[in-house]
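Thanks for coming. Please have a look at the model on the screen, and then I will walk through a few of its features.

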Amino acid sequence: MFNKLRNIISHPEHKILLKNIFSLSILQFANYVLPLITIPYVVRVIGPDKFGLISFAQAFATYFLLVVNYGFDLSATREISSNRDNKNTLVRIYSNVLFTKAFFVHALHFDFHEFNFPYTKI
């Protein structure tokens, strides 16, 4: 049993896979544990009312981030992985995604300032 496991682990491709699994596990663990440590400290230092305001602003920004990303995490990644050997196509995909995100940012900025809060004009 241990010899079979040792043979599986000793394979070079499996070593990379196990290294990646270990690294992602450490990262996921840190994503769960660090907020449990830092959030009570931050709330104690800045106060619950300011922490609530910061959380509201963060949620508001996340809404705009959701609109701006518009699924590019999946579609652009798929396109880039299927065209990884064609540099011209990679440049075109990257440029299109960047331009579209910039367009969404400007459109949301205009929409936010013109239609929702006309008294906050910059």
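I will start at a glycine. Before going on, some ground rules. This is a predicted model, where local features need pLDDT of at least 70, side-chain atom pairs count only at pLDDT 80 or more, and totals for chains, interfaces and linings use all residues. Residues are numbered from 1 along each chain as its sequence is written, and side-chain values use heavy atoms, with hydrogens and water left out.

Now the overall layout. The protein has five helices and zero strands, so the pattern along the sequence reads α-α-α-α-α. Helices here are DSSP runs of H or I with at least four residues, strands are runs of E with at least two, and both are numbered from the N terminus. Of the 122 residues, 10% count as buried, meaning under 20% relative accessible area with a 1.4 Å probe and protein chains only; exposed is over 50%, and partly exposed is in between.

Back to H2, residues 12-46. Its 35 residues should span 51 Å at 1.5 Å a residue, and the end C-alpha atoms are 50 Å apart, which agrees. The expected span is 1.5 Å times one less than the number of residues. H2 bends by about 25° at Leu-34, with Pro-35 following within four residues. That bend is the angle between axes fitted to the seven residues ending there and the seven starting there.

How do H2 and H3 cross? The axes of H2 and H3, residues 48-69, come within 6 Å and cross at roughly 120°. The two helices are therefore oblique to each other: under 35 degrees is roughly parallel, over 145 roughly antiparallel, 65 to 115 roughly perpendicular, and the rest oblique. On the H2 side, Ile-39, Val-42, Val-43 and Ile-46 meet Pro-48, Asp-49, Lys-50, Phe-51 and Ile-54 of H3, where contact means heavy atoms within 4.5 Å.

Next, Tyr-70, in the loop between H3 and helix H4 (72-82). Its phi is near 45°, a positive value in a residue other than glycine. Most residues other than glycine have a negative phi. Tyr-70 is exposed, with a relative accessible area of 59%.

Last, Thr-100 in helix H5, residues 87-116. Thr-100 is partly exposed, at 25% relative accessible area. Its C-alpha atom is separated by 9.2 Å from that of Asn-69, 31 residues apart along the chain.

Definitions and conventions: Axes fitted to C-alpha atoms, helices over the stretch in contact; angles between N-to-C directions.
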